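Here is a friendly walk through a structure, written to be read with the model open beside it.

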Amino acid sequence: MNLQLDDFWSFYEWFFRPGAFLESAALKGIVLAVLGVVLGLVVGYVISSSRYGSGEGFFAVARAVRDLFRFDLPGTRIRRIFALARLAFKEAVRRKVLYVVGLFVVLLLLAGWYLNPQSDDPARLYISFVLTATNYLVLALALFISAFSLPEDIKNKTLYTIVTKPVRATEIVLGRMLGFVAMGTVILIPMGLLSYVFVTRGLDHTHAEVADVRELASGGFEGETDYTRFHSHHFELNEAGEGVTDMVRGHRHVVIRKEDGSFRVGPAEGALRARVPSYGSLVFRDRSGNLQEEGIDVGNERLAGGYGSAGISRLIGVSRGTRKIEHGYVEGGGLGTAEYTFSGVTADRYGDSIPVDLSLRAYRSYKGNIEKGIRGSITMKHPSKPIESNPIGFTVNEYEVDQKFLPLEIEGTNGNKTEVLNVFEDLVDEKGRMTIVVRCLDDSQYLGMTPASVYLRPTDHSFAWNLAKAYMSIWLQMTMVTAFGVMFSTFLTGPVAMVATAVCVLLGFSAEQVYDTRHYIDAGIERGGGPIESMVRLLKQDAMTTQLDVDTVAAKVIKTADAGIVYTLDAIATALPNLPKMVNTAEFAASGFDIFGAILARHAVATLGYVLLAFLISYFTLKAREIAA
Amino acid sequence: MDTDNSTAVAETSEDTSPTTAKSSDSVVIETRNLSKIYRDFWGRKKVHALKSLDIEVRPGEIFGLLGPNGSGKSTTIKLILGLLFPTSGRVLVFDQDASETQKNERIGYLPEESYLYKFLTAEETLDFYGRLFDLSAADRRDRVKQLIEMVGLQGAKHRQLKEYSKGMTRRVGLAQALINDPDLVLLDEPTTGLDPIGTREMKDLILGLRDRGKTVLLCSHQLADVQDVCDRVAILHQGELKELGRVSDLLKVQDVTEVHATGLDDAAKAEIAEVIARHGGSVQSIDNPTATMEDLFLNIVRESEARPGARRVSQAAETKDASNGSTSDGDQA
């Protein structure tokens, strides 16, 4: 899992972006609100002046705004919202929406057909399967029930009997949203429970037999488990006959030698987890030992992507270019290092060792010894004083999280002396910080890392809670889609409202691609251009990196039109919720990382903001609409 | 944007001033110069559904809107309810603009067809509508029970409305309109889909509402029903008000005198004009014969079709007439 810049932000940093307010979510919210108000007033004025004439149109708009604050908001009653929500809920139930849960069960039952049993990381496979399935099912469902209900009510004229009761437009909108969200919740809860059972049961296994057991000289044992579910483990036991197997496919087993000499292999452990990482700040040193902000770029690492975190500042052109965090590389053989400085390294957070996880990449500039991985070392170092431990060597395990435990007592150098160092006393400074230095040991080979590649792991959270958080994220997405669906359904017919909502969802998902295109247009890079240009290239069968091969005037027209389209799309995509980021929480759960509270809180606040916006738009359109027309 | 049509000041400025002084109890519904033009998506005029309608509905009366299909009856009701916005003119209900939600606290509406949620049972339906009003849970339960009994659906209250016959749905619709014990009841074609017994019951119910001091506005093309229950009617044709007045007055044939007498011998009969004037047999009634509603209606429609837009009702004279007559005359009997 490659974390991006904005994943590290705390809620406060995300909301206010101290020092870079243009990128902040607060600004985005404000701009959206202001734009919403201005657009609303303009559209409202155009509509009402066409209805009543230009002068009266102005008063009509003013009155609509006044009505909201003077009558409709104060007149809104929870009782009626609940009554309408109950109705929406019942409607969904009687429409047999709950069958979706049944569909989900069928999906799980048939999962064996498409889940590869020989996968190296079954936990990721299972978790991302259940979360993806849930996510798409629930979003599709939210799309359907929210977009069709209100237009259906208008078409069947059932809304006549509602609006002729003392029901306010606010209540109709909120009632719908609430009812459908309640429905979604009722569907999500069993799905979550089923997913939990499916994943835990699916990964649970043991090995009945052991093989090739030999007694070690030290009095312990070593051996192999049997080959079950396409894998086996190697284990070593101590003299007391207790031990664990090695990690295979993300899990291991406890092995105990019983008194009668037989071996008992316990259930799989460690497959389902929620690591709580403690990240550090990263700096690099080049081969001469000079400090660098970034590591060496070994290739096409950061061509595109990562624009989203720049918010408004990217849209208005203040910040340009990609901000994607990619691997920076450290050269072996010289003085090149990567230095992570961690804070909060205190004795009370860590037990008898400091767990550190590495997920590094290797880049070979020559083939070298292909049998062996690239070697590296980690050194614990005092952040400011010249005290450091002896290096601990490792061989890179690419595409896997390599779990290490740093000892609390280790030999090292203090100035010029060599002595046994205590980590907390000698290597950690008074603020609780410690630096970990990563080096590449093979000459002219490279180790790649991001700020998220090396982290300390003080604790793990429970997997169940993490899965629950992933489901909360799905719930938030569902709420957002429901709000959009209801909003569109106040002025469009059912199918059109559904398509409009779907377009919003899809545009939200592909926002980065739109930003990409915009970036290339801004930077003058030939990358196929906007929609018209790429169509021309397709027809002419031109490559996307060549100059557009049409005459100058035509090229100018095409490029200008394209820029217009792409800028518009860009503005819309920026205004839409960042759905890929929300879906990405599934990736956290699948990779075995605790979903950061800050990320969930951000999603929750963003959802609330968009729901509010959708609510206001819905209110005004519903209010302006002739129900019986 | 807004439904409120005090906007159409240009057209209605003259009318606006006097009404503000009016107390809320003198008029329940007032339409002023009310017009509605249906437009298509591009704003082109499709139908001029209602042309400058001025009517007043007073408290405690049963007011009928009469007219052939497409005459603007339903449009009028929808404008009164705020389901449509007037193109010009305005509607006041309880002295509030029709777009005010607040007025609905005192209104009950039975739509043309009962537009109800088919997936709810009768009891759930009434309970749902009850929840939209400020009723305590106990009151709501009582009212639901009482209304279900009133419309005679005790046996079917747990069945979903999709299993109901048209007449039964109609009854639920009526019960739904009365859930808040409204002061003003608007009934759009109340008797369609009802059998003769149901129709009779509906009429009795409407009269019962009036007896309890409620105001009823109904629109219908069932002439007999209108004749039976309405105090006053307005006849619409092609969006124009063609006739407005008390049912009894409208049906009076002014230039004919009808005499019912008994106990006169043949000689007396021959001299009947004198006899009545001088001899005086026992005259049982001397009155204008009444036509049926049907005659009146068809006459108006034919005339209107022959000379579109020609017939105009002088509203002021008519209403004054009616209001003077209504209390003292007692010619209803």
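Predicted model: local features only at pLDDT ≥ 70, side-chain atom pairs only at ≥ 80, totals over all residues.

Residues are numbered from 1 along each chain as its sequence is written, chains are lettered from A and ligands numbered from 1 in the order in which they are written, and side-chain values use heavy atoms, with hydrogens and water left out.

**Chain A overall**

Chain A contains 19 helices and 22 strands; these are DSSP runs numbered from the N terminus, with helices being H or I of at least four residues and strands E of at least two. Its C-alpha trace spans about 95 × 65 × 55 Å along the principal axes. Of its 629 residues, 49% count as buried, where buried means under 20% relative accessible area, exposed over 50% and partly exposed in between (1.4 Å probe, protein chains only).

An unreviewed UniProt entry lists residues 25-47, 97-115, 127-150, 178-199, 483-509 and 604-622 of chain A as "transmembrane region"; such annotations may be inferred rather than shown by experiment, and the positions follow the numbering used here, with feature names shortened. In the model, residues 178-199 of chain A are 100% helix and 0% strand, with end C-alpha atoms 31 Å apart. Residues 97-115 of chain A are 79% helix and 0% strand, and their end C-alpha atoms lie 27 Å apart.

**A nonpolar patch and a helix**

Helix α2(A) gives the largest share of the patch, six residues. A:Tyr12 sits in helix α1 of chain A and is exposed at 51% relative accessibility.

Which residues of helix α15 (residues 531-540) of chain A are buried? They are A:Glu533, A:Val536 and A:Arg537. These residues cover an arc of only 100° around the axis, so they lie on the same side of α15(A); the arc is that of the directions from the helix axis to the C-beta atoms. On the face turned away from that buried side, α15(A) carries the exposed A:Leu538 and A:Leu539.

**Salt bridges**

Over all chains there are 53 salt bridges, each a side-chain nitrogen of Lys or Arg within 4 Å of a carboxyl oxygen of Asp or Glu.

| Pair | Closest N and O atoms |
|---|---|
| A:Asp570 and A:Arg518 | 2.6 Å |
| B:Glu201 and B:Arg171 | 3.8 Å |

A:Asp570 is buried at 0% relative accessibility, and A:Arg518 is buried at 6%. By contrast, B:Glu201 is partly exposed at 42%, as is B:Arg171 at 25%. A network of salt bridges links A:Arg273, A:Arg275, A:Asp357, A:Arg457 and A:Asp460.

**Cysteines**

The structure holds zero disulfides over all chains, a disulfide being a pair of cysteine sulfur atoms within 2.5 Å. For B:Cys219, the nearest cysteine sulfur is that of B:Cys230, 10 Å away. B:Cys219 is buried at 0% relative accessibility, and A:Cys440 is buried at 5%.
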